[in-house]
2 protein chains.
Amino acid sequence: MQRKSLVNAECPVARGVERVGEWWSILIMRDALQGLRRFDEFSQSLGIAPNMLTRRLNSLVEAGLLERRQYSERPPRFEYVPTPVGEDFRVVIMAFIGWGNRHFANEGESLQLVDRKTRRPVEVAVVDADGARVSVEQCSVQAGPAASEGMLERLALLSAKRSDIDPSPRTA
Amino acid sequence: MQRKSLVNAECPVARGVERVGEWWSILIMRDALQGLRRFDEFSQSLGIAPNMLTRRLNSLVEAGLLERRQYSERPPRFEYVPTPVGEDFRVVIMAFIGWGNRHFANEGESLQLVDRKTRRPVEVAVVDADGARVSVEQCSVQAGPAASEGMLERLALLSAKRSDIDPSPRTA
DNA sequence: CAGTATCCTGTCCGATACTG
DNA sequence: CAGTATCGGACAGGATACTG
């Protein structure tokens, strides 16, 4: 995804994106989740061409992550606000930020995740039902109750390579 | 990202990807982190065109997520294995899976995240330094010690829109 | 200010064919 | 088996101009 410079490359999210894929969409979501709403705000923040912004915005609306909401009758004006699904995407963004911070923060973290009240740093982690922390390497996947035939087949193949993957269980 | 069908669309990761961006890379990482190593394995699992696979694989190697390792002299054969950075990307993938499961699992989860030993379900969450869980909405960002001028400026702008964003702190 | 309309380039991606 | 070579289509993305 050789984007030319990728806006704001010091941002850990952008750093991650530079390495993994394309994603104007993710950057837009990052901004939307930080409180940006209006076309112009995105436009300024991202330096994206207006036609692309329109396209990406529309696709995010279509995807159900953003809602296009009219905030002025005349002239007709719209703002783009995260839906619950989009809001929940924050975890992914945060995981991204964490990852970027851990591996591409050359001279220290440029952006920190914090509890907004206590101002203490937080991080994204894996926990079990009791809230106990589980190390990432400790994790695996298994078929859920709605696993299709294809999924089961796939997991069966994987279990041949990774002994810790159990292809069978579909119970909740 | 209208990919034609997006391989294995029942997979929550793929579901997420369908909505957010492009990302053969992410799908490749998903597979690599599930134990796939060889060109042919990726090729079969993803149904990706071989030239694209080569490109994506190379770019992931370049990005430092995968290591190209020779496992046979004659004939020369290579395998692609996650580096520590790539390994750590697992959290992001998991966050994705969780998100997909929560919002795009129409008839129940098709893939579950579990502790590989206990087989009990796990999830990706935000925790503070004490390991206490923090709700996602409770989170915000602030400038870290390595924040550049541009980043500080950006955060200053954001703090005008989101009262919970504090533009100033750069201390660890 | 909040976009739409055009045009252009790059490249993502698929399909297919070929090689040691 | 593990790719490389080549071709073509679609669209991402950039630049710019225009509109109410």
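**Entry 1: the model.** I note before anything else that I am working with a predicted model.

**Entry 2: relating the chains.** I looked up how chain B is placed relative to chain A, and found that a rotation of 180° with 0.0 Å of shift along its axis superposes chain B on chain A, with an RMSD of 0.1 Å. I therefore wrote down the relation of a two-fold axis. In chain B, the C-alpha nearest that axis belongs to Ala125(B), and I noted its distance from the axis as 2.8 Å.

**Entry 3: the interface.** I then turned to the contact itself, where 88 residues of chain B are in contact with 86 residues of chain A. The area buried between the two chains is about 7,800 Å², and carbon and sulfur atoms give 54% of it. On the chain B side, the residues that lose the most area to chain A are Gln112(B), Arg116(B) and Arg154(B), which together account for 8% of what that side buries.

**Entry 4: salt bridges.** I found a count of 10 salt bridges between chain B and chain A. I looked up Asp88(B), which forms a salt bridge with Arg102(A), and the closest N and O atoms of this pair are 2.7 Å apart.

**Entry 5: two helices of chain A.** Helix α2 (residues 24–33) and helix α6 (residues 90–104) of chain A pack at an angle of about 105°, with their axes 10 Å apart. I therefore recorded α2(A) as roughly perpendicular to α6(A). From α2(A), the contact is made by Ile26(A), Met29(A), Arg30(A) and Leu33(A), and from α6(A) by Arg90(A), Ile93(A) and Phe96(A). Sorting this contact by class, I have 5 nonpolar, no polar and 2 charged residues.

Key
Residues numbered from 1 in each chain as written. Chains lettered and ligands numbered in written order. Predicted model: local features only at pLDDT ≥ 70, side-chain atom pairs only at ≥ 80, totals over all residues. Heavy atoms only, no water. Least-squares fit on C-alpha atoms with pLDDT ≥ 70 in both. Axes fitted to C-alpha atoms, helices over the stretch in contact; angles between N-to-C directions. Helix = DSSP H or I, 4+ residues; strand = E, 2+ residues; numbered from the N terminus. Parallel < 35°, antiparallel > 145°, perpendicular 65-115°, else oblique. Contact = heavy atoms within 4.5 Å. Nonpolar A, V, L, I, M, F, W, Y, C, P; charged D, E, K, R; others polar. Buried area = accessible area lost by both parts, 1.4 Å probe. Salt bridge = Lys/Arg side-chain N within 4 Å of Asp/Glu carboxyl O.
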